[in-house]
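Subject: Structure handover

Hello,

Please find the structure below. Notes on what was found in it follow.

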Amino acid sequence: MDVNYQPEHSYHKQKVFNHPQRFIEGWYWAIHSRSLKKGKVKSLELLGREIIIYRSPEGQLICCDAYCPHMGAHLGKGIVEGGSIRCSSHGWKFDAEGICVEVPCLGEPLPLKIKTWPVEEKYGLIWVWTGKISQQSLPYIPELELQECASILGASFVKNCHPNVVMINAIDAHRFNTINPWSREILFDKQELNHNAIQFHHTIQGSEGFWWLNWIRWFYKHNINYNICYWYGSIGIITIGPEFLHLYIMFALRLLPGKKSAIQPIFITKKRSGLIGNFCNPFVLILTKIVSIFFMKGNRRIVRQIPFDFQTPTRADLSIIQFIQHINKQKSLLWRTWQEPIPPATRPNNRDIFTND
Ligand code: FES
């Protein structure tokens, strides 16, 4: 094995991968849909930025910055009026575009605007796009892109590990080959789906080091598909199963301070209709949830606290190198400001700082 193997683009030129204060522009899960009723507002900190999300009486979702441009009152204490939010301090009102439409004591609005963010709902979650206009659809399972899905949520939890590094475990062929050296060498086929999505595929022919696959092999001798699709380097969708039944587990992560991750598991299946669907969908979702426990157990010890210092890449680490390269090609934003980092040449006095680091 060539221990001096170097990728075409060195991962040492770190851009966004495993960075404590940068993330990729994209969709990030914010809150559970059921936690936000019509006519209510929720406040939260997402990737360092304080925002609010409110739902109009008609069900429309609006997301904007949390502080009122008058005197800085928190709009999380505001009142939802139709598709607008009214500040509880002096009553200024902002519409769904963030435009000031009413200042009660002046009798006319001021030419002001609060920053709004694209927001959507899927898989029982409310998602926020961290740029001006969403350039991508919400993360989807490639083979179910145009199909209606049913889903349930697992319990969210926090890991002491950067989201990018948590993601790597699912394609760590080097580790799989070490766990089970007597099986054939595991290799992943890579396919970039778009600027923000990449998938890795492997066909499982034995047990590949997973004791639970030995059980399945008692009654199923054919190949099992294993596919993982990454979105924004922080969302991993595992597809596993025989041709006749693919199970889908999405792990939606977002960066927390101190290189930690908030992790939301989502179990997804193709929505089957009718009586069969009523029985089949919940059954498949529960089965998916059980399978996900094996994945989480296997990774628990490894991702407990791994700072990731990739000093000696080998050919067996090719998938990880490809993943890092894919991440570093995407548009990075800074923690809290959600602005792009200033290139070194244009910084004042050429100091080695970020605007928000
Ligand atoms: S602080 Fe919001 S209206 Fe005055």
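Two strands count as paired if DSSP finds at least two bridges between them; helices (H or I, at least four residues) and strands (E, at least two) are DSSP runs, numbered from the N terminus. This is a predicted model, in which local features need pLDDT of at least 70 and side-chain atom pairs pLDDT 80 or more, while totals for chains, interfaces and linings use all residues. Residues are numbered from 1 along each chain as its sequence is written, and side-chain values use heavy atoms, with hydrogens and water left out.

Four strands form an open, antiparallel sheet in the order 3-4-5-10. Strand 3 (41–46) and strand 10 (116–117) are its edges, each pairing on one side only. Strand 5 (residues 61–65) is joined to strand 10 by two bridges, and Cys 64 stands opposite Thr 116 of strand 10.

Cores. A nonpolar core is a set of buried (under 20% relative accessible area, 1.4 Å probe, protein chains only) Ala, Val, Leu, Ile, Met, Phe, Trp, Tyr and Cys residues joined through side-chain atoms within 4.5 Å. The largest has 82 residues; among those touching the most other members are Trp 127, Tyr 230 and Phe 323. Strand 19 (residues 247–256) gives the largest share, eight residues. Because domain 1 (27–129) and domain 2 (142–328) both contribute, this core lies between them; the domain bounds come from an automatic or database domain assignment. A second, separate core of 16 residues includes Ile 52 and Leu 75.

Phe 323. This residue sits in helix 5 (residues 318–328) and counts as buried, at 0% relative accessibility. Its contacts (heavy atoms within 4.5 Å), leaving out residues up to four places away in sequence, include Phe 17, Met 167 and Tyr 230.

Regards

Notes: Buried < 20%, exposed > 50% of the residue type's maximum accessible area, 1.4 Å probe, protein only.
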